Every structure is written in C-alpha cells, then in structure tokens.
Amino acid sequence: MKTIKSPQVPVQAVRNLKRTKIVATAGPATDDPKVLFEMMKSGLSVVRLNASHGTRADLKRRLDLVRATAAQAQEIVALLMDLSGPKIRIEGFANGPIHLEEGAAFALDTALDPKGGDINVVGTAYKNLPHDVVSGDVLLLSDGQIVLDVLSVEGTRIQTRVKVGGPLSDRKGLNRQGGGISAPALSDKDRDDIRFAAEERVDYVAVSFARDAADIKLARRLVREAGGDARIVAKIERHEAITNLDSIIEASDVVMVARGDLGVEMGYAEVTSLQKTIIHRSRALNRVVITATQMMESMIQNPVPTRAEVSDVANAVMDGTDAVMLSAETATGRYPLKAVEAMADVIRGAEKYQFGHSRPRQRDDGSVFQGTEEAIAMAVMYTANHMDVKAIVALTETGATTLWMSRLRSDIPIYAFSRNEATGRRVTMYRGVFPVLFDVVGCNTEEALYNAIFARLLELELVHQGDLVIVTKGELSGVQGGTNSMRILKVILT
C-alpha cells in the first residue's frame, strides 16, 4: 500500500450521491429555468426529449435550455432523445369523442377521411393494418382500455365487435394483442430526428418499438453516418422484442423497460416478471437498463406519490435498475420538481435497505472475462467489498471500465475521472458511477497524478484524510480500452 501526500486545489462540488439515476422528461412543465435548475440540484441525471410531441423548434429550444441550465447549476447532465417510432394510432372523429358500448359493432378503415370517424367507424393512418390482422385477433385501443375482437377483414376495413368499451378520442394508440404489427421501427421522421440528434451531439438515442437486433444496428449506423456518437437505447415494448431479448440487449448500449405498450401487448399480469427478467439479463450482458412508464403517475396531479408507486420505484431499485424514469410527471405535470425529489427520496430509502442487508461478492458463474478491463473491474469490486474502501476512482476515456464495475452491487461510489465531457455525460446513466472532469495533462509522474486525484477528491468532499481508495488506470494515458492496473492507496493531505 502506498501513501501519497497532496496539496488542495479548488474544484467543482459533486452532489446527490444516490446510486440509481433519475431520467426526467422535458416538456411545458420544465420550461421554467428555475424549475429545471432545482430538478438538477435534486438529483436529475438525464433529461429525456420526446420527439413524439412538439415541433423541431420545441426540441431545439428545450435542448439548449437543458445545456444552459446544467452549466449554471454546475451539474453534468446527459440528453436522451426518444424517437417517435411506429406508434400506430387511430385518426379523428368528426364530432368529438365517442363512447363505445360493449357488444357494439365498430370498424377501422384505412381509407376513411382522417376526420371522418363516428360511433361506427374510425380511420387509421397505418395503411398495412388490414394485412397484419385476421379474424380472431384482438385489437387494443387507448393503452388497452378498449378491447376489440376482429370479426373480418374486407379490403381497407376491419370489422370488429367491442369486447370492452369506454370513451375514445382522436389519435389514441392501437395495438394487436400478442404483437405482429409489421411497421418498421424507424420511420422517415425518425431518420430525420436521428440526423438532428447527431448534429446536436445528443448523448443517447432511444429506438421505440424495436423488434430485433437489426433495428438497433440500423439506428446505430444512421447515427454514425450522420456524424454522431450517441449511444443507442432499445425500448422493449413489443411482443417480438421479448422473443429476441438477448440479441437486442447485446446490440444496444442501454435497454429501457417501456412498461406501457409492453403491458398492452403482453398483458399487464406479465409486466412485473418481464421487468425483472429484462433488468437481470441487461446487467448480466453488461448493459445499462432504465425502468420506465407510470412510475409516479399520480404526481401529474398530486404533490405526493401513492404508496403503490413508492413500492414500484423501490422494487425496481432493489432489482438493480440503473435508472428510473419520469414521463408526464415532469413533462406536463403540476409538480415536476416534487416528482424528482420524491423519486430521489425513494431511491435513497431503497438503497439503504439493500446495502444494509447484503454484501455482494464477485460473480461465480464460471464465465470467462471478456478482456482486461472486465478483469480489472471485477478485481476492484471484489477487493473494495472486502476492505474498508471509501471510493473507487477510474481514469477512463470511454467509461467502459466503470460500466463493468457498476454491474456488481456495492455501496462504494465509483468516480469516473475523465477529460472527455461526452464520457462524463454518458456515465451519468450508470448506476453507482459519478463523473468528475479531470485532465491528466501535467501529471508527468505517478506521484503527481495521485496528488491531483486526491486533491480533487478532497475538495469535492468525497473522501477524508486517511481513507482508503482504489485507483484504476492504464499504462498509457488517453488510450481507449487500456485499463490494466489497480492500486490501493491511502489519502493523506498535509
């Protein structure tokens, strides 16, 4: 063990060291910079821009607002653009919303005027729908609240009988129970939005309604061809995605458990077990995972969550999700700041219980390490979990080593020291990993390097004098994929 002495230097403070991250959706409710500022200070790590709503000008304005506010708040915050995808919707009604009665006949017609719907029929913009359904299928409208049994398909018209009725208004979503809609994952609009995301250096791009690994690979190729470096998020919300789960996870960087449409296609009774499966497989395959949809839905209107929502968020945290997501709660809700604060409180409570009841050890599944970075990461976490280590510092160009580390549950924070701002934003999504901007230039000796690291840690008040820390690095600074060493050091400042 080596003791290093270091002078103190002034640096930016790092706060909110809860380990599970919060993704929040931008919208009209976050357009006030003061609200967005306080959300960031309360634990917001990633801002989601939903390309399904608003104009391109709205997206650009909110994107710029997030960056300006993050700079003001002195916080590192990532941007995630969520592509619209092939959301199948009905068209509109001539005289406003209708109410479908159980047992009534109702038709869907792709040739109907977009505003020509009535109590008997409504249009749909998806022209291939008659080719995707047959007699005996079940169609679901409005997030599964209305259930239609398909009786026959006649040209452009699908004849159905209402099994479960209810109110129905313009542009509600349409699903086929069990999946099978043939619409491609990336529309022309999505391709244009990808180019915009690349131009704006967005950190993550989410592919909606991905069916297989090819959808993810196509999105990645389009991002790279447009000059972007965004990581790809696969939203698991189709029946086909469950069938192809492992290959989709392996093709992506991040996986999102999109419980809304997934519940509609697979049945709500399946969602909890699917969520646990997706989280487990994502972590096992070294991918980041987000749990999303209706996590604190009641806070769209109410200042506190329900007990069921608290339990939902806490269980996702204890299952090992990297991040939990707020959608309408922050985009259009009355209490966007309170929603972030409530979620942060629940996360901390769940993590306190989790780490107080388990002390994870290294994996013992007989598998072979994929490379030096994984081997170093596993050795670090095993050592840290069996010594009184207060912090782990990874000098990293891409964040890859910290991702490996974050796959093992631990209550020891991992600090990604990087000179690359994009890497800093990227790792904000990783559970238990916190970015610290740090440039190795000028650290010409090993002692000078450790001096600078300790100075940064002490100024940020992340460790105390005399604490043990583990530092990982490569022999050649600035080389991607070069992490090959770990050191156990004691921090002493004189």
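Biologist: Ile88: buried or exposed?
Modeller: Ile88 counts as buried, because its relative accessibility is 8% (buried means under 20% relative accessible area, exposed over 50% and partly exposed in between, with a 1.4 Å probe and protein chains only). This is a predicted model, in which local features need pLDDT of at least 70, side-chain atom pairs count only at pLDDT 80 or more, and totals for chains, interfaces and linings use all residues; side-chain values use heavy atoms, without hydrogens and water. Residues are numbered from 1 along each chain as its sequence is written.

Biologist: Where is the place of Ile88?
Modeller: Ile88 sits in the loop between β4 (78-82) and β5 (98-100). Such helices (H or I, at least four residues) and strands (E, at least two) are DSSP runs, numbered from the N terminus.

Biologist: And which residues does Ile88 touch?
Modeller: Leaving aside residues up to four places away in sequence, Ile88 touches Thr124, Tyr126, Lys172, Gly173, Leu174, Ile181 and Ala183. Contact here means heavy atoms within 4.5 Å.

Biologist: New topic. How many salt bridges are in the whole structure?
Modeller: The search finds 33 salt bridges (a side-chain nitrogen of Lys or Arg within 4 Å of a carboxyl oxygen of Asp or Glu). One of them joins the side chains of Asp193 and Arg56, at 2.7 Å from N to O. Asp193 belongs to helix α4 (residues 188-199) and Arg56 to helix α2, so this pair ties together parts 137 residues apart in sequence.

Biologist: Asp193, buried or exposed?
Modeller: Asp193 is buried, with a relative accessible area of 3%.

Biologist: What about Lys115, which residue does its side chain meet in a salt bridge?
Modeller: The side chain of Lys115 meets that of Asp170, at 3.5 Å from N to O. Lys115 is in the loop between β6 (105-109) and β7 (121-123), and Asp170 in the loop between β11 (166-168) and β12 (174-176), so the link spans distant parts of the chain, 55 residues apart. At 53% relative accessibility Lys115 counts as exposed, whereas Asp170, at 31%, counts as partly exposed.

Biologist: And which side chain meets Asp319?
Modeller: Lys276 does, in a salt bridge of 2.9 Å, N to O. Asp319 lies in helix α10 (residues 307-319) and Lys276 in helix α9 (residues 271-284), so the pair ties together parts 43 residues apart in sequence. Asp319 is partly exposed at 22% relative accessible area, and Lys276 is partly exposed at 38%.

Biologist: Which residues do salt bridges that share partners join into one network?
Modeller: Arg56, Lys189, Asp192, Asp193 and Arg195 are joined in this way.
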